[in-house]
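Please walk through this structure with the model open beside the text.

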Amino acid sequence: MDFNAPATANPSDRMRVIGQPLDRVDGPLKVSGRAHYSYEYHEEAPNAAYGWLVGAEIGKGKIAGIDTAAAEAAPGVLLVLTHRNAPAQGKDSDYAAPQLQGTEVLHHGQAVAFVVAESLEQARAAARLVKVDYAAEPGRYDLAQERSRAVAPEPGMVKPETRAGDFDAGFAAAPVQLDVTYTTPDQSHAMMEPHASTAVWEGDELTLYTSHQILHWAAEGVAATLQMPPEKLRVVSRYIGGGFGSKLVVYGDAVLSALAARQLRRPVKVALTRQQIFNHTTHRPATIQRLRIGADAEGRIAAIAHESWSGDQESGGTAEGAASQTRLLYAGKDRLTRHRLATLDLPFAGAMRAPGEAVGLLALECAMDELAEKLGMDPVELRIRNDVAYNPEEGPSKPYSTRKLVECLREGARRFGWDARNPRPAQVRDGRWLVGLGVAAAVRPNPVMDSGARLHLDGQGRLTVETQMTDIGTGSYTILAQVAAEMLGLEVGAVTVKLGDTRFPQASGSGGSWGANSSGAGVYAAAMKLRGIVAQRAGFNDEAVFEDGTVRSGQRSLTLAEVAGEAGLSAEAEITFGDFSKQYEQAGFGAHFCEVRVDVETAEIRIRRMLSVAAAGRVLNPKTARSQCLGGMTMGIGAALMEEAVVDKRHGLFINHDLAEYQVPVHADIPHMDVVFLEEEDDKSSPIKAKGIGELGICGVGAAVANAVYNATGVRIRDYPLTLDKLL
Ligand code: MOS
C-alpha cells in the first residue's frame with residue numbers, strides 16, 4: 001500500500017483500542033523469565049559451546065605474533081580462532097563485519113582471537129592464555145588535537161554543510177551577537193542487555209539468535225560477511241534488552257559465533273561483557289560545537305551558524321550530526337551549518353539515541369539561553385518569537401506537517417510555574433541550596449520506513465500478526481496488537497503479535513524513531529487487505545463494519561470466526577512511503593522544564609522536578625509513550641550531569657568501561673517527573689497519523705538541566721558533563 005496522499009478518515013481513527021494506556025502484552029513473559037533473549041535459546045541450541053572474544057590491547061598497530069598453544073591445550077577448549085586460521089570473509093555491504101582478517105589493529109577491543117570451549121568459564125580462562133605480541137604505533141586519540149585536520153564527511157545521513165542567505169554578512173550586521181563553543185564527551189549506550197548471539201547450523205543453513213534492532217540489516221551484514229546465500233540465513237531477535245543504536249549493526253559476537261559453530265558443527269553462543277562492549281562495539285563520539293547567533297534587539301534571529309567537529313576511523317567513519325536540528329528549529333534568514341570529521345583511532349563511532357540532535361541540542365539550547373540573557377528576554381519568549389512554520393532553510397515551500405513547539409512551550413511554562421523564575425541567576429536560596437529553573441526546546445525529525453506485516457485470522461476468531469519488527473523494550477508488541485485489534489474490531493486479548501524473525505515480512509525495525517509509526521502503518525496496510533478479504537468472503541461490500549469480533553453490513557452480521565472458517569484467512573501487505581511524505585518537513589516537538597538545586601559548599605547538583613511536554617502525532621499508547629519520555633529524560637540527565645566515556649589518550653581506549661565507572665543516573669538521581677502529550681494527529685506522517693517519540697524524549701533534556709544549573713548558580717559550563725569540579 002503506497003502512502004501517497006494525506007490520510008483520510010479510516011478505521012484506526014476510532015481510537016477504541018489505539019490510544020489506551022494498556023500494559024505491555026509481553027510484560028508477564030519478561031518478569032517471569034519466559035521471554036528468551038538471544039543468549040537464552042537452550043532448547044534450540046542443544047549442547048552449545050561457549051565463545052569468548054579476545055580484544056586487542058593496543059589502540060593502533062599490528063599483531064607481531066600470537067601464541068595460542070597454551071589456550072588450545074587448556075581444559076575444555078574446542079577451538080581458538082585467530083587471523084591465522086579464521087576463514088576469509090566478505091565486506092560487500094555497509095553492514096558487513098569481517099573479523100580476524102589480518103594483523104592490523106584499527107582500535108582497542110577489536111577481536112584478535114576467539115576461544116570456544118565446553119563451558120563459559122573454560123573459554124574465559126583459556127582466553128587469558130592467548131599470548132599476543134603487538135607492534136604498537138602512535139594513534140590519534142584526541143579530538144581537540146585532530147580538529148584542525150578535520151574534513152567534510154562523505155554525504156549521507158549527515159549533510160556536510162548547508163547554507164541559506166549570507167551568514168557572515170547577517171551576523172556582522174546583527175546588533176546582538178553570541179559566539180560560543182560547547183563540547184560533549186564520548187558516550188556509551190549502556191543498554192541493559194549486552195550484545196549476544198547464539199548460532200545454530202543445520203547443514204548449510206544458519207539460524208542466528210542475536211540481539212539486534214533491524215533484522216534485515218543484520219541479515220544483510222551476516223550474509224555478506226559469511227558469504228552465504230541470504231535465503232540460507234534466518235535471524236531471530238524476539239526480545240531485546242535495549243539498543244539505543246548500539247544494535248543497528250553486527251559485531252564480533254554475531255560473526256564469530258556463526259563461524260565457530262559452522263566449523264565445530266555444534267551451536268556456539270557468546271555474550272560480550274560490559275567491558276568488551278565499550279571498546280569492541282560502538283559509542284556516540286565526542287563533539288566540539290561552535291554556535292554563532294545574531295539577533296535584533298527584540299530577539300528575532302537574523303543569522304545562525306552551527307559548526308560541529310567529531311572524530312571516527314579513517315575508513316567508513318561517520319560524523320555526529322550535531323548541527324542537524326539547527327537547520328530546523330528556529331527562524332532566521334542567514335544560515336550556516338557544517339559538520340567536520342577528524343580521523344581518530346578510537347573504536348568506531350555510531351548512532352546513539354537521537355544521533356546528532358541529542359548532543360546538538362545540548363549546545364544550541366544552552367546558546368539560546370545565553371542569547372536570552374544577553375537580550376534581557378525570557379528564554380521561553382525568545383524561542384516563541386523565533387518559531388517558524390516551515391523548514392527555515394528551504395522556505396515556505398517546505399511546510400511542517402504539524403508543529404506545536406509554541407504550544408509545548410506555553411503549556412509547559414504554565415504547568416511548571418515558569419512565571420516564578422527569577423531571571424537573575426544565583427538569587428534563590430533554600431538553606432544550603434541554590435535553586436534554579438531551566439527550559440529547552442526539543443525537535444526530532446520523523447523519518448518513515450517501508451514496513452510489511454502478515455496477518456492470519458483463524459477459525460476461533462483469533463488474529464496473529466507476524467512482522468520482522470523488533471521490540472527493544474519500547475512496546476512494539478503492545479502497540480502493534482492495539483493497531484491490529486482496532487482495525488479488525490477485536491479485543492487486544494484476541495491478538496497475538498510475533499516479532500523479530502526474518503521468516504516474517506520485512507519491516508522498518510527499531511531505529512531513528514521510525515519504528516512505531518512505520519511498523520504500525522505496515523500492520524494497518526495488512527489489516528486493510530484482510531478486511532477486504534473478510535468482507536468479500538462474507539459477501540459484503542466496502543461498507544462492512546468490524547466490531548466486537550463480528551463483521552456486519554446492513555442487517556447482516558457474521559462473527560469473524562465464522563467467516564474465517566477452519567482454514568482461516570491471511571493477508572500480507574507492506575506500507576511504502578514514496579515522495580509524498582517528503583514534501584513536508586516532519587518532526588516531533590517538545591519543551592522541557594527543570595528545577596535544580598545546587599549545594600553552595602560542594603556544588604552537588606540535585607534535580608528537584610522535571611516536566612516534558614511533547615507533540616508527536618497520535619499517541620498509540622500513552623503508557624508506553626510516557627515510558628519512552630521518562631527514559632529519555634533520565635538519559636538526558638545522564639548526558640547533562642554524569643555520562644562520559646573517558647579516552648585514555650596514551651593507549652586509545654575508553655578507560656571507564658563498565659557501569660561502575662561510566663556513570664548513568666540511578667533511581668536516587670531521578671526526581672519527580674511529569675510528561676504531557678498535546679493532542680495531535682499527523683495525516684502526512686502515515687495512515688495511523690502517529691510519529692516517533694523514542695528519540696524526541698531525550699532531545700533538549702540535558703540543556704534544560706544545564707540552563708537550570710546556570711540559573712541557580714550563575715556559572716555557565718560549556719563542557720559537558722556538568723560535574724561539580726567544573727562548578728566550583
Ligand atoms: Mo537509533 S540511534 O536509530 O537506535
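**Backbone exceptions, cores and strands**

Alanine 190 counts as partly exposed, because its relative accessibility is 22%. Here buried means under 20% relative accessible area, exposed means over 50%, and partly exposed lies in between (1.4 Å probe, protein chains only). The model is predicted, so local features need pLDDT of at least 70 and side-chain atom pairs count only at pLDDT 80 or more, while totals for chains, interfaces and linings use all residues. Residues are numbered from 1 along each chain as its sequence is written, and side-chain values use heavy atoms, with hydrogens and water left out.

Stay with alanine 190. Its phi is positive, about 50°, although the residue is not a glycine. Alanine 190 sits in the loop between β9 (176-184) and β10 (196-202). Helices (H or I, at least four residues) and strands (E, at least two) are DSSP runs, numbered from the N terminus. Phenylalanine 244 also has a positive phi without being a glycine, near 55°. Its place is the loop between β12 (233-236) and α7 (252-264). Phenylalanine 244 has a relative accessible area of 29%, so it is partly exposed. Most residues other than glycine have a negative phi, and most peptide bonds are trans. Proline 721 lies in the loop between α16 (701-713) and α17 (724-727).

Now turn to the interior. In soluble globular proteins, nonpolar side chains tend to be buried together. A nonpolar core is a set of buried Ala, Val, Leu, Ile, Met, Phe, Trp, Tyr and Cys residues joined through side-chain atoms within 4.5 Å. The largest such core has 90 residues, and those touching the most other members are Leu329, Leu371, Phe593, Val596, Met610, Leu641 and Val705. Helix α9 (residues 357-375) gives this core its largest share, twelve residues. A second, separate core holds 56 residues, including Tyr477, Leu490, Val492 and Phe577.

Aromatic rings come next. The structure holds 14 aromatic pairs. Rings of Phe, Tyr and Trp (its six-membered ring) pair if their centres lie within 6.5 Å; planes under 30 degrees apart count as stacked, over 60 as edge-to-face and the rest as tilted. Phenylalanine 3 and phenylalanine 577 are edge-to-face, because their ring centres are 6.0 Å apart and their planes meet at 70°. This pair links distant parts of the chain, 574 residues apart: phenylalanine 3 is in strand β1 (residues 2-3) and phenylalanine 577 in strand β25 (residues 569-577). Both phenylalanine 3 and phenylalanine 577 are buried. Phenylalanine 580 and tyrosine 584 make another edge-to-face pair, 5.8 Å centre to centre with 65° between the planes. Phenylalanine 580 counts as buried because its relative accessibility is 8%. Phe3, Phe577, Phe580 and Tyr584 form one aromatic cluster.

Charges meet rings too. A charge sits over a ring if NZ of Lys or CZ of Arg is within 6 Å of the ring centre and within 35 degrees of the ring normal. The charged end of lysine 684 sits over the ring of tyrosine 584, 5.0 Å from its centre. Arginine 609 places its charged end over the ring of phenylalanine 416, 3.8 Å from the centre.

Finally, the strands. Two strands pair if DSSP finds at least two bridges between them. Six bridges join strand β3 (residues 61-67) to β7 in the antiparallel sense. Glycine 65 has aspartate 133 in β7 as its bridge partner.

Elsewhere, strand β19 (residues 451-457) and strand β20 (residues 463-466) pair antiparallel over four bridges. Leucine 457 is bridged to leucine 463 in β20. The hairpin of β19 and β20 has five residues between the strands, and glycine 461 there takes a positive phi near 80°. With strand β21 (residues 495-498), β20 runs parallel, joined by four bridges. Glutamate 466 stands opposite lysine 498 in β21.
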